[in-house]
Structures are given as C-alpha cells and as structure tokens.
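This briefing goes with the model shown below. Please keep the structure in view while reading.

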Amino acid sequence: MIVSKKKLELAMANACMNSYDLCKAANIQYQTYKRITSGKNAKPATVGKIAKALETIAENLIED
C-alpha cells in the first residue's frame, strides 16, 4: 500500500500530532514512518496501526 504523504499529514494535523507522537501512538519506528512518507510500500498492518492512532480509517490515508 502506498500512503499519501499529504493525506497523512492532514490527518496528523487534525489529531494535533507530530511524527514522533504518531510513531509512539502507532507503535512503529521512526524509520518506518520516514520510509512510508518517502513513497515506499507499507504493509497493510502498519497502515492500520497508523490509521487507528489517528482515529481514522486506512482508506483515508492511501493514495487514490
């Protein structure tokens, strides 16, 4: 899955989170966050963790 950096950043802004807050809430490593935001493929479970931490659904974060 490819995560849209713009959609992810908007969801983070809505949740009042920065990248470190998100990593802690989603229980992912910062390197994983950087890899995902650089346009690399992400595992569905990782996208799910991020979506859950941001209180949204995965469909709202992936590229169209």
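The points below cover the core, the helices, the cysteines and some backbone angles.

The model is predicted: local features need pLDDT of at least 70, side-chain atom pairs count only at pLDDT 80 or more, and totals for chains, interfaces and linings use all residues. Residues are numbered from 1 along each chain as its sequence is written, and side-chain values use heavy atoms, with hydrogens and water left out.

Helices are DSSP runs (H or I, at least four residues) numbered from the N terminus. Buried means under 20% relative accessible area and exposed over 50%, with partly exposed in between (1.4 Å probe, protein chains only). Contact means heavy atoms within 4.5 Å.

**Nonpolar core**

- The largest nonpolar core has 17 residues; such a core is a set of buried Ala, Val, Leu, Ile, Met, Phe, Trp, Tyr and Cys residues joined through side-chain atoms within 4.5 Å.
- Val 3, Leu 8, Leu 22, Tyr 33, Ile 50, Leu 54 and Leu 61 are the members that touch the most other members.
- At least two residues of this core come from each of α1, α2, α3 and α4.
- The most is given by α4, which contributes four residues.

**Helix α1**

- Helix α1 spans residues 5-14, and Leu 8, Ala 11 and Met 12 are buried in it.
- These buried residues line one face of α1, because they fall within an arc of 100° when seen down the helix axis; the arc is that of the directions from the helix axis to the C-beta atoms.
- An α-helix has 3.6 residues a turn, so residues three or four places apart point the same way.
- Lys 6, Leu 10, Ala 13 and Asn 14 are exposed on the other side of α1.
- The cover over the buried residues of α1 includes α2 (19-26), α3 (30-37) and α4 (44-53).
- Leaving aside neighbours within four places in sequence, Leu 8 is in contact with Val 3, Leu 22, Tyr 33, Thr 37, Ile 50, Leu 54 and Leu 61.

**Helix α3**

- Thr 32, Tyr 33, Ile 36 and Thr 37 are the buried residues of α3.
- Viewed down the axis of α3, they fall within an arc of 125°, so they line one face of the helix.
- The buried residues of α3 pack against α1, α2 and α4.
- Thr 37 lies in α3 and is buried, with a relative accessible area of 12%.
- Beyond its neighbours within four places in sequence, Thr 37 is in contact with Lys 5 and Leu 8.

**Helices α2 and α4**

- Two packed helices are described by the angle between their axes and the distance between the axes.
- The axes of α2 and α4 come within 8 Å and cross at roughly 110°; axes are lines fitted to C-alpha atoms, for helices over the stretch in contact, and angles run from 0 to 180 degrees between N-to-C directions.
- The two helices, α2 and α4, are therefore roughly perpendicular to each other; angles of 65 to 115 degrees count as such, under 35 as roughly parallel, over 145 as roughly antiparallel and the rest as oblique.
- Leu 22, Ala 25 and Ala 26 in α2 meet Lys 49, Ile 50 and Ala 53 in α4.
- Ala 51 is placed in α4 and counts as buried at 3% relative accessibility.
- The C-alpha atoms of Ala 51 and Leu 22 are separated by 9.8 Å, and the two residues are 29 residues apart along the chain.
- Leaving aside its neighbours within four places in sequence, Ala 51 is in contact with Thr 56, Ile 57, Ala 58 and Leu 61.

**Cysteines**

- The structure holds zero disulfides, a disulfide being a pair of cysteine sulfur atoms within 2.5 Å.
- The closest cysteine sulfur to that of Cys 16 is in Cys 23, 17 Å away, which is too far for a bond.
- Cys 16 counts as exposed at 68% relative accessibility, whereas Cys 23 is buried, with a relative accessible area of 7%.

**Positive phi angles**

- Asn 27 is in the loop between α2 and α3; its phi is positive, near 60°, in a residue other than glycine.
- Asn 27 is exposed, with a relative accessible area of 63%.
- Gly 39 follows α3 and has a positive phi, near 100°.
- Glu 55 lies in the segment after α4, and although Glu 55 is not a glycine, its phi is positive, about 55°.
- Glu 55 is exposed, with a relative accessible area of 77%.
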